[in-house]
Amino acid sequence: MSEQDNIDRVWDIIEKVEVCMLTTQFSGGLRARPIEVRPDRPAALIFFVTDVHSLKEGEIEAAPDVGLAFIDSKDKAYLSITGRARVTRDAAKTKEVWRKTDELWWPGGPTDAHVCLLRIEPLTAELWDGPASAAVVAFEFAKAKMTGKEPKLGENRKLTVDM
């Protein structure tokens, strides 16, 4: 696959998976939490709507390097992204990525005083594309047991995402 094909595959997964795990750094180590993805492929950025009073804002301001983990269990695809994050109060972008369900947390809408965005610039991505079905996995394990050879369980591609 070409580098562009790999980058397109990364963005396909980001756009398909609705929730990923965001890992930030704090004085005691690392903290991960689920967060709803708002990808912007043309800008090569990932956004998250969040609250200005959550812990992740302070953690990101102190240490902007973050990790994102995406799992597409249907396609057996696993994606890890290292990126640089920052907290922003971009009203136009917030309105652009806003979803009706966000009003459950911020009834004031995208201009609610407690709303902010996390803006993630992906730097590197590591992708594991697994076999398409459980039957393939079972077959590969059985074949490996009989032949003593390593099972073919998918492909690992480490990508540098140039943005």
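Is cysteine 20 buried or exposed, and what is its relative accessible area? Please go on from there to the charged side chains and the rings.

Author: This is a predicted model. Cysteine 20 is buried, because its relative accessible area is 1%. Cysteine 116 is buried too, at 0%. A disulfide is a covalent bond between the sulfur atoms of two cysteines. The structure holds 0 disulfides.

Now the charged side chains. Side chains of opposite charge can pair when their charged atoms come close. The count here comes to 15 salt bridges. Take aspartate 75 and lysine 16. They form a salt bridge, and their closest N and O atoms are 2.9 Å apart. Aspartate 75 lies in the loop between strands S5 and S6, while lysine 16 lies in helix H1, so this pair ties together parts that are 59 residues apart in sequence. Aspartate 75 is partly exposed, with a relative accessibility of 34%. Lysine 16 is partly exposed as well, at 40%.

Next come arginine 33 and glutamate 59. Their side chains meet in a salt bridge of 3.2 Å, N to O. Arginine 33 belongs to strand S2 and glutamate 59 to helix H2, so the pair ties together parts 26 residues apart in sequence. Both arginine 33 and glutamate 59 are buried.

Strand S2 also holds glutamate 36. The side chain of glutamate 36 meets that of arginine 99 in a salt bridge, 2.4 Å from N to O. Arginine 99 sits in the loop between helix H3 and strand S7, and the two residues are 63 apart. Arginine 99 counts as partly exposed, at 32% relative accessibility. Glutamate 36 counts as partly exposed too, at 27%.

Some salt bridges join into a network. Asp8, Asp12, Glu15 and Arg41 are linked in this way.

Now the rings. The count comes to 1 aromatic pair. Tryptophan 98 and tryptophan 106 form that pair, which is tilted. Their centres are 6.1 Å apart, with 55° between the planes. Tryptophan 98 is buried, with a relative accessible area of 15%. Tryptophan 106 is buried at 8%. A charge meets a ring elsewhere: the charged end of arginine 31 sits over the ring of phenylalanine 26, 4.0 Å from its centre.

Last, the surface. Ile71, Tyr78 and Trp128 form a nonpolar patch there. Together they have about 300 Å² of accessible area. Tyrosine 78 lies in strand S6. Tyrosine 78 is partly exposed, because its relative accessible area is 34%.

How values were computed: Residues numbered from 1 in each chain as written. Predicted model: local features only at pLDDT ≥ 70, side-chain atom pairs only at ≥ 80, totals over all residues. Heavy atoms only, no water. Patch = residues over 30% accessible without salt bridge, like charges linked within 9 Å, V, L, I, M, F, W, Y side chains within 5 Å. Areas by Shrake-Rupley, 256 points an atom, 1.4 Å probe, with all protein chains shown as cover. Salt bridge = Lys/Arg side-chain N within 4 Å of Asp/Glu carboxyl O. Helix = DSSP H or I, 4+ residues; strand = E, 2+ residues; numbered from the N terminus. Buried < 20%, exposed > 50% of the residue type's maximum accessible area, 1.4 Å probe, protein only. Phe/Tyr/Trp six-rings, centres within 6.5 Å; stacked < 30°, edge-to-face > 60°. Lys NZ or Arg CZ within 6 Å of the ring centre and 35° of its normal. Disulfide = S-S within 2.5 Å.
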